[in-house]
Amino acid sequence: SEPTLLVAVQSELLLYELRSLKEDVLTTTDKSLIIFSVDYDLVEQKVFWMDLNAESIKWISMNTKKKGTLVKGIKSDCIAVDWIGRNLYWTDGTAGELLATWLNATWRGTPEYTVVLDGDLDQPRSLALQPLQGLMYWSEIGDKPQIEQAGMDGSNRKILIDKGLGWPTGIALDLLSWKIFWSDDKLRCIGSANLDGTGIKVFQLSQIKSPFSVAVFEDDAYWSEMKTRTVQKVNKKTGKNRAVLIKRHGQPYGLKIMHEVLQPMASNPCRELGCSHLCLLNPKHKGSCRCPIGEVLADEKNCIPLKDSAFVFLVAPTVITQVYLKKLPPTARGETLPEHRVFPLTNVDYLTAIDYSVRDKSLYFADREDGYIRLLRIKDSGKLSWKRVVPVGGTVVSLALDWLSGNVYWIDSRNPNIRVATSNGRYALVLISEALHRTVSVVLHPPTSMMCFADLGMESHSAGPKIECASMDGSRRKVLWRKSQRPVGLTFGDFGTRLYWADHTKGVVESIQLDGSRFRLIRGGLHGLTLFAAGEGMMVWTTPTHNGSTRVWHSKLELMENWWFQVDQKIVDLKIYSKFTQQGSNGCSENNGGCSQFCLPNHQGRVCKCTVGYHLEHGTECTRAVTCPEPLEACKDGLKCFTRKQACDGHNDCLDGSDELACNYLDREKPRSTTAPTPAKPGFRKEEVLAPTR
């Protein structure tokens, strides 16, 4: 058939037949909108385009002229059609993402697309697909302009070209010569290279002033020219035979050559895979199941909405297993795990504690030998990425996340203190240190700003085991319960008004109101119990077996059920999560409460605090404390230094007046004995203060 040039000119889609030179307007959009990028699908005879201002991707049937919207509420720089896997991809340069959705999706008000790649992408701009090989290519126009390649599922990513590029605004594949072409707005050229990145060749013609988009067909390369508002072509090998095809008043943007040789048919490996949602092609000529934003893969094929499903994390030394509570089998025994998802963790020696934000899909975890609390982000696509966040001393024995502010609380093995760090680990603080002996567990309820912790006490002292609670800023501390021997698995329930726990020694589950009333024994007879968690009306606990595996038990909280399944490894931590239980707000959930360092929520709202070496100003700002050389002393607020003569001289040299504190002025008005002791001046040793002469 005759090859046709599909080009976007301002708000119009033009069809320009390359042999007959016939020109036709396919459709015209709102004059206020700009059609930035275009592509097509010959299978269903559709043309797709992206509206820059409307933030949507739309389509039109070339046969019936029927129109539709594929997706809304997205920012896109370039779109690309996968005619084999039946998906549409786009780049989001602002967010630094490559995304995909169904080619035949219908916009119903909720996003049904997946993030294919979002790691270290520096302003991705143009995108080209090679579905026959399961590969995609894209250009980046950030600080380091480059052209990259990856599988269409985001796998096997690599840099193809990172030299000789200025601002690669458009890329196109030429499968006949097995080359990639690009337009460079900064260097005012059109370049080409082999698909392995070798054999780079550049055309720098005087007529190439500001190229925007590029396409290749047979012997010619086509591009849209911004400054002259034209679409031109040139011989792709020689750079000769330049010709102007289209010149309009409107600005030309994206363009594509439409011909069946450019979209050859092949079998779709996704057709037989049975993915519940999206299926993306990969370089192995297979499909990879992916989930829309807001859902994750429960197994290799099926997506489950997290917001609709509570789950339990079973933490083994080197792996975390997620089991949805609704999938727990109501059977007396189960030799294998129910339907689950496994997060294998690389470079982990022995996990000791975790906590998780359902909203952010962020898992904080501690490794026995690592010296850090680490953060694992669980992507919507099913991919994992992690980084070290908070440096710690000793082994973390308990970890709790304020999922509203991002603050991380923890206890380590070196001392019983309860510590807190900001979400990025930049600032850390000892929150509670007094009257603690063997603190083993800390738990938070961010919406009510409450914190509870278990202290096993000291056998050599009169201090026995106790459960205490306080505000999450460490204030209003009180003992809640003293009659448990070894409490484990502290869990808030009933919207933060009740605390649940299990007693490892007595084998019972207990609970009490946070005001100390209405203590209840939930159930007993749980012999050998090691770990416990409660939530969403369920309780889960573990017991060890003789062969080193773990038996995981579960029951409705108010019933005496004893269902179980077995895990072939030791379980070191156990927690239940649900999006419904991680809702609400506190004084630090928005803009860090206006605090420059720590925002710690409490019953009145919040309090700002500073790490060591800083002092608080105006209630919110942390400024570095001054360092006073000998023999000067620092004011208590850390803002100024004062001399020995300035102390107790009747004049406030410190802004907070701390240089005049502990000065006994009343004694100066009374007759004093020469043998009377002289009060010490603040900050100086007593013998340094000279006694006044009579």
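**Cavity and ring contacts in a predicted model**

Mentor: The structure holds 1 cavity of 30 Å³ or more. This is a predicted model, in which local features need pLDDT of at least 70 and side-chain atom pairs count only at pLDDT 80 or more, while totals for chains, interfaces and linings use all residues. Residues are numbered from 1 along each chain as its sequence is written, and side-chain values use heavy atoms, with hydrogens and water left out.

Trainee: What is a cavity, and which residues line the largest cavity?

Mentor: A cavity is a set of points, on a 1 Å grid over the protein atoms alone, where a 1.4 Å probe fits but cannot get out; lining residues have an atom within 4 Å of a point. Here the lining consists of L70, V71, T101, A105, T106, W107, R108, T110, E112 and Y113. The largest cavity has about 50 Å³ of space.

Trainee: Which geometry does the aromatic pair of F212 and Y253 have?

Mentor: Rings of Phe, Tyr and Trp (its six-membered ring) pair if their centres lie within 6.5 Å; planes under 30 degrees apart count as stacked, over 60 as edge-to-face and the rest as tilted. There are 15 aromatic pairs in the structure. F212 and Y253 are edge-to-face, at 5.3 Å centre to centre with 80° between the planes. F212 lies in strand 20 (residues 211–217) and Y253 in strand 24 (residues 252–258), so the pair ties together parts 41 residues apart in sequence. Strands are DSSP runs (E, at least two residues), numbered from the N terminus.

Trainee: Which residues do ring pairs link into a cluster?

Mentor: F311, F313, Y324, Y356 and Y577.

Terms used
1 Å grid on protein atoms, 1.4 Å probe; cavity = no way out; pocket = protein on both sides within 12 Å on 5 of 7 lines; lining within 4 Å. Points joined across faces, edges and corners; volume = space filled by probe spheres on them. Helix = DSSP H or I, 4+ residues; strand = E, 2+ residues; numbered from the N terminus.
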